[in-house]
Amino acid sequence: KSYNNLKSDLINIGDVLLIPLSKYVVKSGDTLYSIARKYGISVNKLKMINKLLNDSIYINQELFVPIK
């Protein structure tokens, strides 16, 4: 609620909501699937947030992820 100054839990069609993000640094062994699972989002959503065109990621790459 606080990020969007909502007065209740109700939202309406057309409302624009802010989703707070933090940075995640890719480690050896990470995959888009494992990162998405850790943050409770789909691989497609993770790719969309980070404007990724394919499933390739690399060590030390910074990705935006939702704040838990």
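Analyst: Glu62 is partly exposed, at 49% relative accessibility. Please keep in mind that this is a predicted model. Glu62 forms a salt bridge with Lys23, and their closest N and O atoms are 3.3 Å apart. Because Lys23 belongs to strand β1 and Glu62 to strand β2, the pair ties together parts that are 39 residues apart in sequence. Lys23 counts as exposed, with 54% relative accessibility.

Let's step back to Gln61, which sits in the loop between α2 and β2. Is Gln61 buried or exposed? Gln61 is buried, since its relative accessible area is 9%, and buried means under 20%. The side chain of Gln61 reaches the backbone nitrogen of Tyr58 at 3.0 Å. Leaving aside residues up to four places away in sequence, Gln61 touches Tyr24, Val25, Val26, Leu52 and Ser56.

The largest nonpolar core has ten residues in all: Tyr24, Val26, Leu32, Ile35, Ala36, Tyr39, Leu46, Leu52, Leu63 and Val65. Helix α1 (32-39) and strand β2 each supply at least two residues of this core, and α1 gives the most, with four. Leu46 is one of the core residues. With residues up to four places away in sequence left out, the contacts of Leu46 are Leu32, Ile35, Ala36, Ile41, Phe64 and Val65.

Now to the other end of the loop. Asn50 is found between α2 (43-49) and β2 (62-66). What does the side chain of Asn50 reach? It reaches the backbone nitrogen of Phe64, at 2.6 Å. Asn50 also touches Leu63 as well as Phe64, again not counting residues up to four places away in sequence. Asn50 is buried, with a relative accessible area of 14%.

Lys51 lies in this loop between α2 and β2 too, but Lys51 is exposed, at 74% relative accessible area. Its backbone deserves a look: Lys51 has a positive phi of about 55° although it is not a glycine. Asn5 is exposed, with a relative accessible area of 64%.

What does Asp55 meet in a salt bridge? Its partner is Lys47, with N to O at 2.8 Å. Asp55 is exposed, at 53% relative accessible area, whereas Lys47 counts as buried at 17%. The count of salt bridges comes to two; the pair of Lys23 and Glu62 is one of them, and the pair of Asp55 and Lys47 is another.

Which residues make a nonpolar surface patch of about 330 Å²? They are Tyr3, Leu18 and Ile67. Leu18 is placed in the segment before β1 (21-25), and Leu18 is exposed, with a relative accessible area of 57%.

Conventions:
Residues are numbered from 1 along each chain as its sequence is written. This is a predicted model: local features need pLDDT of at least 70, side-chain atom pairs count only at pLDDT 80 or more; totals for chains, interfaces and linings use all residues. Side-chain values use heavy atoms; hydrogens and water are left out. Buried means under 20% relative accessible area, exposed over 50%, partly exposed in between (1.4 Å probe, protein chains only). A polar contact is a pair of N or O atoms within 3.5 Å; within protein, one must be able to donate a hydrogen and the other to accept it, and residues adjacent in sequence count only if both atoms are side-chain atoms. Contact means heavy atoms within 4.5 Å. Patches are made of residues with over 30% relative accessible area and no salt bridge: like charges are joined within 9 Å, nonpolar side chains (Val, Leu, Ile, Met, Phe, Trp, Tyr) within 5 Å. Accessible areas come from the Shrake-Rupley method with a 1.4 Å probe; for residues, only the protein chains shown count as cover. A salt bridge is a side-chain nitrogen of Lys or Arg within 4 Å of a carboxyl oxygen of Asp or Glu. A nonpolar core is a set of buried Ala, Val, Leu, Ile, Met, Phe, Trp, Tyr and Cys residues joined through side-chain atoms within 4.5 Å.
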